Amino acid sequence: MDRQKNLRDGCGTLGLAYTKDNLETIIHDANEKELSHLDFLNSIVTGEIRYRQQRATERRTKEAGFPYPKSLEDFDLAFCHALSKKQFDQLKELTWIDGPYNLILSGPPGVGKTHLAIGLGYEACANGYKVNYVTMQALIKSLRTAEIDRRAQIKMRRIRASHLLIIDEVGYLPISENEGNLFFQLISDLQEQTAILLTTNKGFEQWTEFLNDAALATAILDRLTFRCDRILMTGKSYRLENRQSFLK
Ligand code: ADP
Ligand code: MG
């Protein structure tokens, strides 16, 4: 027993959390399966690596700030006619983030823009990318207050350091001239450094309207769409088609 305690303490000192927490099971399994020394050591190293990867994924997912979980597995492609299976698989491969390429999902409410965006965000976190999710409204607030609010400053620093920035709900609310300029500055800074996934209910021609400035809208779109794919998610609202009610 003392030897086990000793071993557990040693694992703690070396930072082998998986082995430390699963020592009994690991030893039991090795006895049961009569593992060779090589296989036994291998199982420990593999377990430790897998455990660390899981922890890192969890940390990245937490830091991304998703409002709720959504997965690509639950995304029903048959419902979404805007995307072929091949395109969906290409997006899932995430090489566009390395590009970096931007992705604009546009369409009316309920067609799955946010679901697809968050699903891709989770996938990216699981594959080692630093991701940040913000709504346009929250982003504008952080941009506006970054100089005086420490939390906003930290958020902006994270955003600037991310591989993938998801900006959800662009165009729902009009923004002021100053806010538009701050947004333009951010988009310029992130160019060729961070992939931007943006969802919007507005067509490009309507950007002038919510930005209140034709020149600014052109300048922002020019940068956003230079290396970019745009998916027009038209069609019916998934919510309306799959309405769930409680009362019978
Ligand atoms: P949008 O952001 O376009 O307004 P959401 O992504 O919020 O729409 O989708 C609304 C609801 O419908 C969510 O609960 C989402 O999970 C679901 N949904 C939309 N499209 C799909 C789809 N193709 N497969 C599965 N669920 C979907
Ligand atoms: Mg949405």
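Helices here are DSSP runs of H or I with at least four residues, strands are DSSP runs of E with at least two, and both are numbered from the N terminus. By that rule, Thr-208 belongs to helix 11 (residues 207–211).

## Before you start

You're looking at a predicted model, where local features need pLDDT of at least 70, side-chain atom pairs count only at pLDDT 80 or more, and totals for chains, interfaces and linings use all residues. Residues are numbered from 1 along each chain as its sequence is written, while chains are lettered from A and ligands numbered from 1 in the order in which they are written.

The protein splits into domain 1 (2–62) and domain 2 (85–241), with bounds taken from an automatic or database domain assignment. Their C-alpha centres sit 40 Å apart.

The largest nonpolar core has 41 residues, and Leu-164, Ile-166, Ile-167 and Leu-197 touch the most other members. Helix 7 (residues 113–126) gives the most to this core, seven residues. A nonpolar core here is a set of buried Ala, Val, Leu, Ile, Met, Phe, Trp, Tyr and Cys residues joined through C-beta atoms within 7 Å. A residue is buried if 20 or more other C-beta atoms lie within 10 Å of its own, exposed if 12 or fewer, and partly exposed in between, with C-beta atoms placed from the backbone.

What does Ile-167 touch, not counting residues up to four places away in sequence? Its partners are Val-134, Met-136, Leu-139, Ile-196 and Leu-198. Contact means that the two C-beta atoms, placed from the backbone, lie within 7 Å.

## Where helices 8 and 10 cross

The axes of helix 8 (residues 136–145) and helix 10 (residues 177–190) come within 10 Å and cross at roughly 95 degrees. That makes helix 8 roughly perpendicular to helix 10, a label for angles of 65 to 115 degrees (under 35 is roughly parallel, over 145 roughly antiparallel, and the rest oblique). The axes are lines fitted to C-alpha atoms, for helices over the stretch in contact, with angles running from 0 to 180 degrees between N-to-C directions.

On the helix 8 side, Ile-140, Leu-143 and Arg-144 meet Glu-179, Leu-182, Phe-183 and Leu-186 of helix 10. Leu-182 touches Leu-143 and Arg-144, leaving out residues up to four places away in sequence. It's partly exposed, with 18 other C-beta atoms within 10 Å.

## A helix in the open

How many of the 11 residues of helix 3 (residues 23–33) are buried? The number is zero, so helix 3 lies largely in the open. Just after helix 3 comes Glu-34, with a positive phi of about 50 degrees.

Most residues other than glycine have a negative phi, and most peptide bonds are trans. Glu-169, in strand 3 (residues 164–170), has a positive phi of about 65 degrees. Asn-212, in the loop between helix 11 and helix 12, has a positive phi near 65 degrees.

There's also a cis peptide bond joining Gly-99 and Pro-100, with omega of about -15 degrees. Pro-100 sits in the loop between helix 6 (95–98) and strand 1 (102–106).

## Two threonines

Thr-208 is partly exposed, with 16 other C-beta atoms within 10 Å. Setting aside neighbours within four places in sequence, Thr-208 contacts Ala-214 and Ala-217.

Thr-225 is in the loop between helix 12 (214–224) and strand 5 (228–232). Thr-225 and Tyr-101 are 124 residues apart in sequence, yet 8.9 Å apart in space, C-alpha to C-alpha.
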